[in-house]
Structures are given as structure tokens and as C-alpha cells.
Amino acid sequence: MHVYSSNQQKIAERIDPETLKSNWKDWEWQIGHSIRDIDTVERLLGIQFPADRREELEETIARFPLCITPYYLSLIEAGDYDNDPVFMQAFPSISELIVEEYDLPDPLAEDADSPVPCITHRYPDRVLFLVSNICAMYCRHCTRKRKVGDIDSIPDVADIKKGIAYIADHPQVRDVLLSGGDPLMLPDDYLDWILSELSAIEHVEVVRIGSRVPVVLPYRITDELVAILKKHHPLYINTHFNHPREITASSREALKKLADAGIPLGNQTVLLAGVNDCPRIMKSLVHKLVHNRVRPYYLYQCDLSEGLAHFRTPVGKGIEIIESLIGHTSGFAVPTYVIDAPGGAGKIPIMPNYLISWSTNKVVLRNYEGVISTYREPDCYRNVFCDRNCEACTLQLKLDDADESEAVGIGKLLCDYDETILLVPQNTDRVDRRDDD
């Protein structure tokens, strides 16, 4: 039996007195009752905005629409909503209409690197496949705010087929990232079709899905959806938790279903001013993530999209957070801090400097405590000169999987499927004499 929080109970009863008995955990009911106007927010949270602020909010929503699931709204502490990290991620601010001179409508140049509709091909061996324009909630810090609510940006079946054909025609593509919008907002059978088409392409080795559904609409992770996803291994899912308050009983249950289905889970957090720009908050977040079998993957510097200036922090804040994690918690709980560089330059990792100095054969290092140490390099090291003549290379260039059925050495004498009874070293005098005879 689901235990409802006091906020969930109040909001549910204000929407529909029968909700607690039937509909709250129905993800389609959640979508059908998404909050899209200020009046409903005020009524459900029991708050009232001043007249001048309402005017600003209406102006902001006219440019960047509002959409919040009842579930995610229920996480807001109404008594201190202006400082609430959930409220700030879900509710508009007049600051979104401030466009700085360096802001860009498409900061990552996804459109410029799009050879066909829905595909962004930036890195050599992988593509971004935008299969949906639908989100469970409109995040205020979204990089693709330019497309939110834009009916002209919704990919149709013809566009999806062009994307699949492009991937099939480019054998260098071994990794496909499904994004949008949110791919998990697609109907089950439609998502199953897309995954099946990709699975049929021999050179596609792995498919990833980027989704915020476990955060803002965890009830979407149904047993039926998980059964579909489970058919298409190897499949990875990256979630988008930004604050430890977002990890609730419901989101934990959604993550458990995915992890139990054998789906590796990662998390991509965006560094947001006033939301999570605090070492204590971030450490709590990564600890809760790994406890729920989610590997912290990236910590993103907030992009240069239009209307996000109020969310951005200095890069130094991200360095400070990473500094507070490395050595202070498990290595697998430390995300890689990256700037997704403007103009399509891609993700660039940014790290604290642990290399203090170096000489011909010695480097000077410091650790997380400030301990300074040295590491001795080899006095004589012959670098392998690469002339791109792989046929003449002395390195082991057999890159295919090892044949586990081929036993060698003593293992060959012990195994049951090989009749070898004798191992004779080659190039001994005795063997050479045999050859001479």
C-alpha cells in the first residue's frame, strides 16, 4: 500500500477527492492533470503570488510554457517555495526573459550537426537521436527550451525512419543515444518499434536513453515498460536527478525496477545556482544515487541557452564541488564535471589540478588532503613509434574477443575436449634434429 505524504494528500484531494483511492499512481492520470497555469499552482499549493509577480509570471509563461506533474508539485515545500529546489526547477521566473549577449538559441550547435532530421552526429562513433518532443515536465533549465511546446519540432514516423536509415548507412556508429524530449514518454509499442529497428542494425552495439521520467514521473516506469526495455540489451539509461530531495520512495521504486531488469543506470546532474551549488548537497545526492544503484556520470556546467543566466554558476563552483568529492567519497560516486562547449565543441572535462610539477623522470602530486608526494617515472622508456603501418606493428593488435574454447598450455592437457597428450617446446636441439632428418 502506498503511503502518501501530506503534500501529496492535499494536492490529490484538491484535484480529485477520489484520487487517493484510484488514480495518483497512474502515470497517464498524472499527465492528464499536469499543471499548466498559475491559478492551479496557487490553488494546489495553497499560496498566492502578488499581483506584480503574477504579471511577470504570465509574461514568462507566454514565452516558455509551464508544465508540472502533480507528483513533482507535491515535492515542493509551499511554506518556503522561493527557496525550494523543486520549485525553482519547475516554476517560471522572470529572469528567464533576460537574454545575455553571449546566450545562444542552440548553444551546442545540435541543428548545425544534424545531417538528417532527428540526428545529431558530432562524435565519430555515436549519434544523438531525438525521438520525441514530449516531456513529463518542462524543466526551467532545459538546454532545448527553444523546442519546448513547439508543435513544429515533434518528429513524425517519417523523420524517425530517416534517422534509423542514417544510422544503418553509417557503420562507424556503434552507440545511439535516444533523447528528446523524453523517449520514455513515447507509447510502449512505438518505443519498442524504435528499439527493435536499432537492434536489427548489426554495427549498433549499445543504445542509451536519456530520461527525467524517474525524477518527475516515476509511475511511468511500469512493469510493462520495463519488460519492453529488458528485451533490448545492451541498453543503458541516464537519469537526471539534480537534488537529493528528488529521490523519493516512488523514484526509488522506479530505479529498482530498472536496475532489477539488468539496465545499467547513470545520472547526469546540471549545476544550478540556488538549487545544488553546494558541496554538502552534491555529496548527499551522489550517495543517494549509488545507494539506489545509479552511477553519477556527469556534472554539467549550465549551458549558454537563452534564459538560463540566473541558473549559471562560475566554473570555480563546480571545481570546488568536485574537490569536495574526490578522496572524500568512493571514486565511483564522483561524476565527471564537464562543460558542453558552445558551438558544438563537445563535452570538455574540467578537474581540479592534482599535478603540481614534473621533471625529466619525476612528477610531484598532491592528494585530497594536501599531502604532497612524488612518483618516479622510468629512467629509460622507448616510446612506440607509430607509422600507421599496423601490419608491421609488434603490439598485440588482435582486438576481437578471445576464443574461450581454445585451451593452451597445461589447460589443453587438462581439458576434456582436446586429445593432446604431449606438449613439446619448439626450437629445441632435439626438435631441430627431427626436422633435419
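Author: Before the first question, helices (H or I, at least four residues) and strands (E, at least two) are DSSP runs, numbered from the N terminus. This is a predicted model, where local features need pLDDT of at least 70, side-chain atom pairs count only at pLDDT 80 or more, and totals for chains, interfaces and linings use all residues. Residues are numbered from 1 along each chain as its sequence is written, and side-chain values use heavy atoms, with hydrogens and water left out.

Reader: OK, where is the place of Cys-118?

Author: Cys-118 isn't a glycine, yet its phi is positive at about 80°. Look between helix 7 (85–90) and strand 1 (119–120): Cys-118 has its place there, in the loop.

Reader: Is Cys-118 buried or exposed?

Author: Buried means under 20% relative accessible area and exposed over 50%, with partly exposed in between (1.4 Å probe, protein chains only). Cys-118 has a relative accessible area of 14%, so it counts as buried.

Reader: And what about Arg-293, what is its relative accessible area?

Author: Arg-293 is another non-glycine with a positive phi, about 65°. You'll find Arg-293 in the loop between helix 13 and strand 7. Arg-293 is partly exposed, because its relative accessible area is 45%.

Reader: What is omega for the cis bond from His-233 to Pro-234?

Author: Pro-234 is in a loop too, between helix 11 and strand 5 (235–239). The peptide bond from His-233 to Pro-234 is cis, and omega is near 0°.

Reader: Which residues of helix 4 are buried?

Author: Helix 4 spans residues 38–45 and is mostly covered, with six of its eight residues buried. The cover includes helix 1 (6–15), helix 5 (51–63) and helix 6 (70–73). The buried residues of helix 4 are Ile-38, Thr-40, Val-41, Glu-42, Leu-44 and Leu-45.

Reader: Which residue follows helix 4?

Author: Check the backbone there: phi is positive, near 70°, in the residue that follows helix 4. That residue is Gly-46.

Reader: What does Gln-301 touch?

Author: Gln-301 lies in strand 7 (residues 294–301). It is buried, with a relative accessible area of 8%. Contact means heavy atoms within 4.5 Å. Not counting residues up to four places away in sequence, Gln-301 touches Leu-271, Thr-313, Pro-314, Val-315, Tyr-337, Val-338 and Ile-339.

Reader: Now the helix pairs: at roughly what angle do the axes of helix 13 and helix 14 cross?

Author: Axes are lines fitted to C-alpha atoms, for helices over the stretch in contact, and angles run from 0 to 180 degrees between N-to-C directions. Pro-279, Met-282, Lys-283 and Val-286 in helix 13 meet Glu-320, Ile-321, Ser-324 and Leu-325 in helix 14. Helix 13 covers residues 279–291 and helix 14 covers 315–325; their axes come within 9 Å and cross at roughly 55°.

Reader: At roughly what angle do the axes of helix 9 and helix 11 cross?

Author: Here the meeting residues are Asp-188, Leu-191, Asp-192 and Leu-195 in helix 9 and Glu-224, Leu-225, Ile-228 and Leu-229 in helix 11. The axes of helix 9 (residues 188–199) and helix 11 (residues 223–230) come within 10 Å, and they cross at roughly 10°.
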